[in-house]
Amino acid sequence: MIQKKICMVGSFAVGKTSLVQRFVSSIFSDKYLTTVGVKIDKKTVKVDGTDVNLLLWDIEGASEAQLIRMTYMRGASGYLLVADGTRRDTLAMAQDLQKQCLQTLGPLPFTLLVNKCDLKERWEVTAADLDQLHSQGWPVLETSAKAGNGVEQAFLTLAASMVKK
Amino acid sequence: MNDPLDDNDQEITDSASESEVPSVSGEEQPEAGEQPARPRGQESAAQLESLFAEAVSSGELPQIPTGPGEDQSLAVNLANAPLNDLRWLLLAPEQEQLAEIKRGLDDPGELAQRISGVLPEALILRSGQDDRLVAALAPTIEATFKETVEADPQYLVDLISPVMAPSIRKAIVESIRGMFDSFNRALETSLSWRGIRWRLESLRTGRPFAEIVMMHNLVYQVEQVFLIHKETGLLLQHLESEAAVAKDADMVSSMLTAIQDFVRDSFSIDAGEALETMQVGEFGVWVEQGSAAVLAAAIRGNPPQTLRTTLREELDLIHLEHRKQLTSFDGDTAHFETVRPNLQRCLASQFTPEKRKTSPVTILALLAIIACFGYGGWLYLQHQLRWTRFYDLLRAEPGYVLTSVDEAGGKVFLEGFRDPLAGDLSPLLNDTGIDPDRIVEHWLPYYALHPKFILHRARHRLNPPDTVQLTFDKGVLRAGGSAPHRWIAAADQIAGLIPGVELWDRRGLADSDHEQLPDVIAAIEQTVLLFEVKLTDLVPGQETVLAELTQHMRSLLELSQNLDLDVSVAVTGHTDDTGSERTNYPLSRQRADQIATMLRAQGLQWLNFVAAGAGAEQPVSSPSPELARAYNRSVTFAVSVSSRNQMGGSPQ
């Protein structure tokens with residue numbers, strides 16, 4: 001069995017936890033996020049016919065005052081950056097986090113998830129923003145915690161890139 | 001050492017003609033450090049070369065180039081001067097270079113300089129190929145190391161102490177902590193209910209209390225063991241005991257790692273330190289940190305500190321055997337199937353199962369104990385009842401007055417009063433089943449006034465003949481039946497003096513002597529002893545009558561003595577009416593004397609026989625007229641009695 005540690009980081013209230021809730025199995029309550037600052041979920045995906053266990057470290061939301069605990073990122077094979085499409089600052093935060101991760105962990109596979117695509121009419125994040133990131137080589141996926149769009153795909157692509165790596 | 005030189009040589013031969021330095025380029029070339037013997041040809045060639053160079057530079061010789069590969073030996077071609085000139089002209093710079101290189105090779109200082117430049121690369125290159133380098137260096141390095149340590153051991157200590165000290169310190173701290181844990185547990189439990197129970201157990205089993213505490217405290221089970229990759233927190237291998245309720249081990253593993261990180265971050269713990277124990281009630285997680293992996297054991301109960309040693313040892317073993325897999329871990333846990341035996345050894349447990357189920361042996365033992373107690377109780381009750389009954393009987397027993405009972409040394413001391421006439425206690429003891437040996441008696445004599453005892457005492461004192469019946473009632477001692485006169489007289493004297501006897505009543509008692517006397521007298525007086533005609537001889541057959549008479553006489557004597565009577569027996573001789581009165585009297589007198597004398601001779605003289613002859617004048621009545629004469633040839637008796645004081649005189 002292949003196991004991989006992946007992390008999920010992003011600003012407060014971008015819907016990280018609710019985004020993956022439906023797609024992962026968990027034995028820990030959300031309380032861990034506010035107490036320990038991290039909550040572990042598990043997601044099993046198939047990459048090239050092989051089961052890959054993704055241990056998802058849902059890391060407490062970052063704020064301007066404090067980025068995330070990088071200790072929790074240690075040993076990760078990849079990560080999901082989550083931003084809230086309706087809050088532009090969360091995209092900036094995602095970029096900051098990406099920088100921080102790159103600095104601490106080196107280049108790792110990651111995917112940017114721009115959440116709340118069900119509220120597209122209220123988005124502050126523009127297509128141009130995303131295009132720019134895309135042009136930098138960022139894999140970007142628009143997701144919705146409500147509808148569950150793109151989440152499964154996010155896990156799959158990330159797992160695939162990690163295994164190939 | 002050879003190879004780098006070879007490479008150099010190769011370069012040399014590449015840049016210069018092979019033929020010019022044949023001895024340097026061969027594989028059989030001697031060790032680098034040695035000075036190779038210079039071949040003669042070469043030496044002369046070098047001299048010639050320098051001569052040529054001088055000549056050419058001074059213009060004595062034209063510079064003639066020499067074709068490469070044409071000549072086999074410089075010496076051979078020396079004669080061919082123009083060719084040499086040509087060669088010189090063509091190859092002067094290379095020749096100079098060659099000379100320079102040769103100088104370098106010849107000069108040890110320079111050679112060392114050159115080799116030092118490539119030595120590290122050469123070592124790396126060679127160690128990648130095979131182990132010969134290690135084999136070659138090992139003895140030297142070992143010897144050097146040994147010499148260094150022997151010369152200055154402190155050097156080694158200084159060197160390794162920074163590495164070892166933290167581990168040693170940690171080990172000491174842990175063992176002291178383990179000791180304190182045990183001590184604390186002992187203190188905590190010593191005053192609790194459990195502590196008291198354990199103390200009782202200690203008393204019961206005879207084992208030291210500390211051992212009992214340890215025994216109970218050491219009950220534990222390692223329910224799950226996680227081998228976790230330190231860097232990623234990913235679960236490498238997991239084992240659980242049968243009893244464990246394990247949740248998703250992958251997630252638990254990651255969370256354990258997260259919590260470790262959390263603690264380390266939150267409390268600014270040194271990088272080398274880590275969370276070692278998490279404890280919730282009797283459940284705990286022990287974490288052992290390795291350089292690449294972490295071993296976490298979920299434990300229920302109170303494990304001994306030795307378990308930590310086990311975890312440590314197994315983790316070290318795993319590191320030793322799987323170092324490569326651990327450092328190059330890419331998420332594939334299949335490599336770690338082989339650590340399962342290591343984890344299995346960590347899945348230790350120690351049970352002292354509480355004996356909820358009572359074994360049949362225990363039940364039997366309990367029943368036996370109950371039976372023993374029951375039997376003992378029953379015996380005790382019996383014992384008590386026996387003694388109670390004994391005391392009751394003793395109190396009721398005439399002739400005994402129990403005043404105190406003491407028990408000491410298994411003996412029972414009875415004190416009180418005892419009538420000398422009372423029987424001993426053996427019937428009572430037999431009756432109640434009490435061991436006589438347990439009884440120690442101390443009785444003071446006394447007269448019991450119980451009617452039975454008064455009667456008893458009266459019998460004892462009066463010793464009545466069988467014909468006497470004694471009764472006692474309300475102070476009156478009564479005698480019935482009959483008794484000899486003398487006994488009655490004695491009883492009259494004593495009876496009133498017997499303790500408890502207030503009145504002596506013998507009205508119902510007959511005097512047997514008085515009653516017999518008339519009969520005896522009658523028997524004597526009715527006796528007629530018959531004599532032959534004219535003779536003083538008894539008629540044949542009268543001996544029996546005489547014997548009976550004598551017997552009666554004896555009775556009479558006895559009775560008279562008993563009754564204190566004076567007796568006189570008149571013995572009267574008779575004759576029949578034939579013959580003359582003159583002869584008849586004397587004859588009758590003779591007959592009477594003869595019998596009287598005979599009776600006296602029988603010891604009956606106290607009967608005062610008075611013999612007299614009546615002749616034929618006092619005829620004796622006969623049963624029939626025909627026997628009248630025969631009956632008058634006889635002796636008859638008459639008894640007279642009087643009380644002694646009336647008689648006054650003594651017997652004849």
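**Note on chain B of a predicted model**

1. The accessible surface of chain B amounts to about 38,700 Å², and carbon and sulfur atoms contribute 57% of this area. The structure is a predicted model, and the values below should be read accordingly.

2. Chain B has 652 residues, of which 35% count as buried. Its secondary structure comprises 22 helices and 17 strands. Where contacts in chain B link residues at least 6 apart in sequence, 61% of them join residues at least 24 apart.

3. A hairpin is formed by β1(B) and β2(B), with five residues between them. In the turn, B:Gly233 has a positive phi of about 75 degrees. Strand β1 of chain B covers residues 220-229, and its pairing with β2(B) is antiparallel, over five bridges. Within this pairing, B:Phe226 has B:His238 of β2(B) as its bridge partner.

4. Strand β2 of chain B (residues 235-240) is largely enclosed by the rest of the structure, because five of its six residues are buried, that is, under 20% relative accessible area.

5. Further along chain B, an open sheet of three strands has the order β7-β8-β9, with mixed pairing. Its edge strands are β7 (400-408) and β9 (439-445) of chain B, each of which pairs on one side only. From one strand to the next, the twist averages 15 degrees.

6. Within that sheet, β7(B) and strand β8 of chain B (residues 411-418) run antiparallel and are joined by eight bridges. B:Val405 has B:Leu414 in β8(B) as its bridge partner. As a general point, side chains in a regular strand alternate between the two faces of the sheet.

How values were computed
Residues numbered from 1 in each chain as written. Chains lettered and ligands numbered in written order. Predicted model: local features only at pLDDT ≥ 70, side-chain atom pairs only at ≥ 80, totals over all residues. Heavy atoms only, no water. Helix = DSSP H or I, 4+ residues; strand = E, 2+ residues; numbered from the N terminus. Buried < 20%, exposed > 50% of the residue type's maximum accessible area, 1.4 Å probe, protein only. Contact = heavy atoms within 4.5 Å. Areas by Shrake-Rupley, 256 points an atom, 1.4 Å probe, with all protein chains shown as cover. Pairing = 2+ DSSP bridges. Axes fitted to C-alpha atoms, helices over the stretch in contact; angles between N-to-C directions.
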